[in-house]
Amino acid sequence: MDRRTVLALALILGVILLTPKLFPRQAASLPVAATDSGIVTAPGGTAPSPVVPAPNAPPPQRTAAEATPAVASVDTPSTLSAAPIGDSVVVTGSSASYVFETLGASLQRVDLLHYRSLRSADEIVRITAEGTPLLSYRLLSATDTTVLRSIPFAVSTPQENNVLLTASTGRQDVAIAYTIVPDSFITRVQGSVRAHEGQGQSRYLLVDFPETLHSYEADTAADHGALSFAIKPNIKNAVGVRFGELDPGERKVVPGPLSWVVAKNKYFMAAVLADSGTTHFAEATVVGGTRDSREATRAKGTLVVELPADGSFAFELYTGPQQYQRLRALGRDFENSNPYGGFFQGVVQPFATIVMRVLLWMKATLGLSYGWLLVIFGVAVRMILWPLNQGAMRTSLKMQRIQPEMNEVQKKYKGDPQKLQSEMMKLYKEHNMSPFSAFAGCLPILIPMPVLFALFFVFQNTIEFRGVPFLWLADISLKDPFYIVPLLMGVSMFALSWIGLRNAPPNQQAKMMAYVMPIMMTVLFANFASGLNLYYAVQNVAALPQQWLIANERAKSRKT
């Protein structure tokens, strides 16, 4: 068995062993089309600063009128408006509606006005935790913890799109102001905590995330499987913690300083981002939640915000879709809030970023649907690899020509390793080759693999593909319900292998793999996103002409 065969078998074994870990199987989904909104980059610095009482200001006096829910009147060019619902204040803009609770000054939910549920066309997507606030607060001092959800806040008359809530805990005065940035999913939060005379000042603000997020996807199992927290240390890559990775009660602590913390499902998120230079995120804690079944749908996440001596704090909330351009516009590496690849994150994440940027550029340039862009992208990748394939093929032909001479040298100097190495190097030099030439034929196989892996992870969480139809496919982010694309991928892979064996030296192992690999890959990819299968199938079909030319050139080489 020659060196190329051994290397090929090693690569195939690696694919067999690593693919199940890199590509965990997803549950079956029902394809349902949905409409989507366009991409609008969040404006920076356009919203007015919230009005927050200074730490030395007198505590707000609660009147009888203030004890009842207030009507926040918001009138801005972005059509933001506010109205009370029970003990809540609702602020509605052009892209989202925000519900704030007066009890605890917490964010109850966010309604995304332009995103429809894939389970019911009459529903909009709500980022909500079903019965609990989306974000709530606690104060931690040296002696006790104050749960703000048990304290009623008064709503002051807001300035433009600013909602200010104030309360006294009996020991401290607390003010929290929310500023909605128009036409975006950004909310700026500013606040202050001032201790009464003789009382201890709280040292930390604890921000509690929702224990789960409601699913609006056709495939709820896949959506629940994507439930996770993402945490970004300032000087390290983001850390992903899936709910399913934690046993009930298991605790994971990520020390600061931290840039942001995200709670998310497959396509939507609630995130807290550190304000530049004014807030210090000291730590984040994730605790596994209770399970009613094998599926992990709950986990507790808490962000620890260190308060300065004056008790002030400021940060930003992002409650919206996982839309690449929006996340990237926020900076702080926020586009990496989906930590791809696990152990291989350092390799897969850059490729995923590059692939996403290329597809977005193609979308902006060509204006085609993502289905057709995947077709073009698959052909383009194969065309870029054409010269490399040609070079690898010619190197392979040279190796075949000198193989008899190599066998003779190995046989002649078998007992003298030093002489054998010297003669082999001499033989390589005579034919303008090197010992690494045998591996050149594997490069065309290895180079596309990171792109394929990156696309797999991109399809897991990228909302740009959500509900996008293509030909008979209702949603390219879900599996093909008729399994046409996976079968096309398998057939094209077999055709590529069959043509590659034409006019090649007889090799029983290669012949066997030509039958086994297409069947194995078809079964493996059957329940993956149909868009991923489409890309792989198109790339195989685009490689057929070159493979045919290579086979013919190999035949001519054998005759000469």
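I take buried to mean under 20% relative accessible area, exposed to mean over 50%, and partly exposed to be what lies in between, with a 1.4 Å probe and protein chains only. The model is predicted, so I note that local features need pLDDT of at least 70 and side-chain atom pairs count only at pLDDT 80 or more, while totals for chains, interfaces and linings use all residues. Residues are numbered from 1 along each chain as its sequence is written, and side-chain values use heavy atoms, with hydrogens and water left out.

**Salt bridges**

I looked up salt bridges, counting a side-chain nitrogen of Lys or Arg within 4 Å of a carboxyl oxygen of Asp or Glu, and the count came to nine. I began with R298, which is partly exposed at a relative accessible area of 31%, and found that R298 pairs with E211, their closest N and O atoms being 3.7 Å apart. This pair links distant parts of the chain, 87 residues apart, since R298 sits in the loop between strand 17 and strand 18 and E211 in the loop between strand 12 and helix 2 (220–225). E211 also counts as partly exposed, at 28% relative accessibility. For helices (H or I, at least four residues) and strands (E, at least two) I use DSSP runs, numbered from the N terminus.

Next I looked up R188, whose salt bridge with E316 has its closest N and O atoms 3.4 Å apart. Because R188 belongs to strand 11 (residues 186–195) and E316 to strand 19 (residues 312–321), the pair ties together parts that are 128 residues apart in sequence. Here both R188 and E316 are buried.

E217 and R466 form another salt bridge, with 3.0 Å between the closest N and O atoms. E217 is in the loop between strand 12 and helix 2, and R466 in the loop between helix 10 and helix 11 (484–501), so this pair ties together parts 249 residues apart in sequence. I found E217 buried, and R466 as well. I also noted a network of salt bridges that links R109, D111 and R126.

Which strands pair with strand 18? Strand 12 (residues 204–208) does so in the antiparallel sense over five bridges, and strand 17 (residues 280–288) is joined to strand 18 by eight bridges, also running antiparallel; pairing requires that DSSP finds at least two bridges between two strands. Within strand 18, L303 is the bridge partner of V207, and T302 is that of T285. Six of the eight residues of strand 18 (residues 299–306) are buried, so the strand is largely enclosed by the rest of the structure.

Helix 10 (residues 448–461) is likewise largely enclosed, because 12 of its 14 residues are buried. Among them I list L452, F453, F456, F457 and F459.

**Nonpolar cores**

I define a nonpolar core as a set of buried Ala, Val, Leu, Ile, Met, Phe, Trp, Tyr and Cys residues joined through side-chain atoms within 4.5 Å. The largest core has 75 residues, of which F315, Y318 and F334 touch the most other members. Strand 16 (residues 268–274) gives this core its largest share, seven residues. Apart from it lies another core of 44 residues, including L374, V381, M517 and L524.

With contact meaning heavy atoms within 4.5 Å, I looked up Y318 and, leaving aside residues up to four places away in sequence, found that Y318 touches residues including F185, I186, M269, L330 and F334.
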